[in-house]
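This report walks through one part of a protein model, beginning with a sheet and moving on to the helices and a loop. Please keep the sequence and the structure in view while reading.

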Amino acid sequence: MNVVSLRVITHDVAGLVEFYERVTGVPAAWSTPDFAELVTPSCTLAVASSRTVALFGEDSARPAANRTVIIEFRVADVDAEYRRLASLGCAFVQQPTTMPWGNRSLLFRDPDGNLINFFTPVTPEAVRRQDRQQDSRQDRRAGVQGAAGQA
C-alpha cells in the first residue's frame, strides 16, 4: 500500500489552490474547475470543491472543519520559509521550534483553517530517519517501474 494523495475539500477551490501554490511553489494541475492537484515527488495534495462531496456520499466531508490532520511538507530551511511566509501574511500557530524528535517545525493555517507543518530535520537521527523514508519511497517507485517494464 502507498499513500498517494491528501484531498482537502473547500468551498473556494481557486482561492485555496492559489494559497498552496504560493506557499509551496508548486503549480497546480487542474482537472476541472472543481478539482486541482499539486504534485510533489512524494505525494499529491488535491483540492476539491464541496460540490464533489455528493460523489462520495452526502455529508461525508465538510469544508473548513478539520481539527485533527496536519498537512506536512519537508523543506530545506524552515527558518527561511518562516521569513518568506511572514511576508505572505500567513496565520502562524507556532514559530519555528525544534521538536523532541529532531525536526524544526513551523505551524500555520491555510485559509480554511487546515493546519500545515513545514519542517526540516535538524538532528542527525531525524536526518537519518527522513533519508531512510526517502530511500524507501525511491526503492518502491523503482520496483514498480521495473516491474512495469518487464510486463
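A residue is called buried when its relative accessible area is under 20%, exposed when it is over 50%, and partly exposed in between, computed with a 1.4 Å probe on protein chains only. The model is predicted, and local features need pLDDT of at least 70, side-chain atom pairs count only at pLDDT 80 or more, and totals for chains, interfaces and linings use all residues. Residues are numbered from 1 along each chain as its sequence is written, and side-chain values use heavy atoms, with hydrogens and water left out. Helices (H or I, at least four residues) and strands (E, at least two) are DSSP runs, numbered from the N terminus.

Four strands form an open sheet in the order 5-8-7-6, with mixed pairing, where two strands pair if DSSP finds at least two bridges between them. Its edge strands are strand 5 (70–74) and strand 6, each of which pairs on one side only. Strand 5 and strand 8 run parallel and are joined by five bridges, whereas strand 6 and strand 7, also joined by five bridges, run antiparallel. In the latter pair, Gln94 has Leu107 of strand 7 as its bridge partner.

In a regular strand the side chains alternate between the two faces of the sheet. Strand 5 has a covered face with Ile71 and Phe73, and an uncovered face with Ile70, Glu72 and Arg74. Glu72 stands opposite Asn117 in strand 8, and the side chains of these two residues make a polar contact at 2.8 Å (a pair of N or O atoms within 3.5 Å; within protein, one must be able to donate a hydrogen and the other to accept it, and residues adjacent in sequence count only if both atoms are side-chain atoms). Asn117 counts as buried because its relative accessibility is 5%. Not counting residues up to four places away in sequence, the residues that Asn117 touches include Phe73, Ser105 and Leu106, where contact means heavy atoms within 4.5 Å.

Which residues of helix 3 are buried? In this helix (residues 78–87), they are Val78, Glu81 and Leu85. They lie on the same side of helix 3 because they cover an arc of only 50 degrees around the axis, the arc being that of the directions from the helix axis to the C-beta atoms. On the other side of helix 3, Arg83 and Ser87 are exposed. The buried residues pack against helix 1 (13–24), strand 6 (91–98), strand 7 (103–109) and strand 8 (115–121).

At the start of helix 3, a side-chain oxygen of Asp77 comes to within 3.0 Å of the backbone nitrogen of Asp79. The axes of helix 1 and helix 3 come within 10 Å and cross at roughly 140 degrees; axes are lines fitted to C-alpha atoms, for helices over the stretch in contact, and angles run from 0 to 180 degrees between N-to-C directions. The contact is made by Arg22, Val23 and Thr24 of helix 1 and by Glu81, Arg84 and Leu85 of helix 3.

**Positive phi angles**

| Residue | Phi |
|---|---|
| Asp59 | about 65 degrees |
| Ala64 | about 60 degrees |
| Gly89 | about 80 degrees |

Asp59 lies in the loop between helix 2 (53–56) and strand 5, and Ala64 also has its place in the loop between helix 2 and strand 5. Asp59 counts as partly exposed at 48% relative accessibility, and Ala64 is partly exposed with a relative accessible area of 43%.
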